[in-house]
Amino acid sequence: MALLDVTGVSVKFGGNMALTDVSLAVESHTITGLIGPNGAGKTTLFNVITGLQDPLRGKVAMNGINLDGFAPHDRSQRGMARTFQRIELFGSLTARENLQVGAEIKRAWDGGEVRAGDRVDSAIELIGMAPFADLRADRLTTGQARLVELGRALVTRPKVLLLDEPASGLDADETEYFAKILRGLAKVGMAVLLVEHDIPLVMKTCHTIYVLDFGKVIAVGSPAEIRQNQLVIDAYLGAPAEVEA
Ligand SMILES: Nc1ncnc2c1ncn2[C@@H]1O[C@H](COP(=O)(O)OP(=O)(O)O)[C@@H](O)[C@H]1O
Ligand SMILES: [Mg+2]
């Protein structure tokens with residue numbers, strides 16, 4: 001039993017199967033990658049895991065507890081957090097205030113056991129947000145905004161963290177910095193599920209990688225195994241020379 005277990009999940013939109021019998025496990029202390037072409041079903045799987053999308057079949061469990069019937073906020077309360085593929089910050093609030101909103105909501109659910117300010121301060125420190133914490137969110141660079149998104153997930157002190165293309169729009173230095181933060185989160189025990197098209201980042205940070213294509217898991221393995229998998233090369237990665245960092 002892993003911290004997060006997805007078992008046999010299928011999702012149908014109209015006549016199309018967006019996911020077919022998808023199973024995956026995300027362990028504590030690890031970064032697990034989820035890659036595949038656009039439209040493969042990655043975001044849909046995140047929506048199923050977080051309770052925004054009911055599956056046609058299959059189940060999601062945390063610590064062996066079946067989350068069937070748990071609303072998104074129930075899952076958040078149990079230690080699940082996510083970021084969105086499109087940055088969704090409150091533009092007229094500062095970076096710090098965006099984190100405060102997340103922390104206050106969490107505190108209300110928890111009955112106020114941890115001060116929201118403490119959660120915000122420690123997240124700001126953890127991800128190095130201090131230099132831009134008091135700027136309006138709509139004035140931030142994409143790299144800064146992506147960090148604020150991550151910070152907003154972290155103020156809930158998640159056990160399972162789902163990241164939907166968090167490095168999209170980042171330059172090489174920002175991506176490197178992001179990788180360092182992700183490794184730090186895994187080190188302190190978090191289970192991270194990373195959807196990302198930046199293949200060098202995925203190969204460098206992930207312990208295990210799942211590959212989705214047309215809603216099906218076509219491969220699971222270590223970065224080295226995935227890089228050499230012919231199905232994955234044909235469906236997504238292209239020839240090995242193209243994926244070298
Ligand atoms: N709400 C929806 N209604 C109908 N079809 C959808 C919906 N969300 C996603 N899809 C379809 O499901 C498939 C998987 O999409 P998505 O999960 O966004 O893929 P990915 O994140 O891997 O790019 C795509 O064919 C997409 O068009
Ligand atoms: Mg997506």
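The shell around ligand 1 is made up of three nonpolar residues, six polar ones and one charged residue. This is a predicted model. The residues that surround ligand 1 are Phe 13, Ala 18, Gly 36, Asn 38, Gly 39, Ala 40, Gly 41, Lys 42, Thr 43 and Thr 44. Helix 1, which spans residues 42-50, gives the largest share of this shell, with three residues.

Six strands form an open sheet in the order 6-7-8-3-9-10, and their pairing is mixed. Strand 6 (80-83) and strand 10 (216-221) are the edge strands; each has a single partner strand, so one side of each has no neighbour in the sheet. From one strand to the next, the twist averages 15 degrees.

Strand 3, residues 30-35, pairs with strand 9, residues 208-213, in the parallel sense, and four bridges link the two. Within this pair, Thr 32 lies opposite Thr 208 of strand 9. Leu 34 has Tyr 210 in strand 9 as its bridge partner.

How do strand 9 and strand 10 run, parallel or antiparallel? They run antiparallel and are joined by five bridges. Tyr 210 stands opposite Val 220 of strand 10, and Tyr 210 is also the bridge partner of Leu 34. Strand 9 and strand 10 form a hairpin with two residues between the strands. In this hairpin Phe 214 has a positive phi, near 45 degrees.

Helix 9, residues 230-237, packs on the sheet and touches strand 3, strand 9 and strand 10. The direction of helix 9 makes about 125 degrees with that of strand 10.

**Packed helices**

Two packed helices are described by the angle between their axes and the distance between the axes.

| Helix pair | Angle | Axes |
|---|---|---|
| Helix 3 (residues 95-110) and helix 4 | about 135 degrees | 9 Å apart |
| Helix 4 (residues 116-127) and helix 5 (residues 142-154) | roughly 140 degrees | within 9 Å |

Helix 3 and helix 4 are therefore oblique to each other, and their crossing is right-handed. On the helix 3 side of the contact are Arg 96, Leu 99, Gln 100, Ala 103, Glu 104 and Arg 107. These meet Ala 116, Arg 119, Val 120, Ala 123 and Ile 124 in helix 4. By class, the contact of helix 3 with helix 4 holds six nonpolar, one polar and four charged residues.

Helix 4 and helix 5 are likewise oblique to each other, and the crossing of this pair is right-handed. Here Ala 123, Ile 124, Leu 126 and Ile 127 of helix 4 meet Leu 147, Leu 150, Gly 151 and Leu 154 of helix 5. How many charged residues does the contact of helix 4 with helix 5 have? It has no charged residues, and the rest of the contact is seven nonpolar residues and one polar residue.

Ala 123 and Ile 124 of helix 4 take part in both contacts: they meet residues of helix 3 and residues of helix 5.

Methods: Residues are numbered from 1 along each chain as its sequence is written. Chains are lettered from A and ligands numbered from 1 in the order in which they are written. This is a predicted model: local features need pLDDT of at least 70, side-chain atom pairs count only at pLDDT 80 or more; totals for chains, interfaces and linings use all residues. Two strands pair if DSSP finds at least two bridges between them. Axes are lines fitted to C-alpha atoms, for helices over the stretch in contact, and angles run from 0 to 180 degrees between N-to-C directions. Two residues are in contact if their C-beta atoms, placed from the backbone, lie within 7 Å. Angles under 35 degrees count as roughly parallel, over 145 as roughly antiparallel, 65 to 115 as roughly perpendicular and the rest as oblique. A crossing is left-handed if the near helix is turned anticlockwise from the far one by less than a right angle, and right-handed if clockwise. Ala, Val, Leu, Ile, Met, Phe, Trp, Tyr, Cys and Pro count as nonpolar, Asp, Glu, Lys and Arg as charged, and the others, Gly among them, as polar. A residue is near a molecule or strand if its C-beta atom, placed from the backbone, lies within 6 Å of it.
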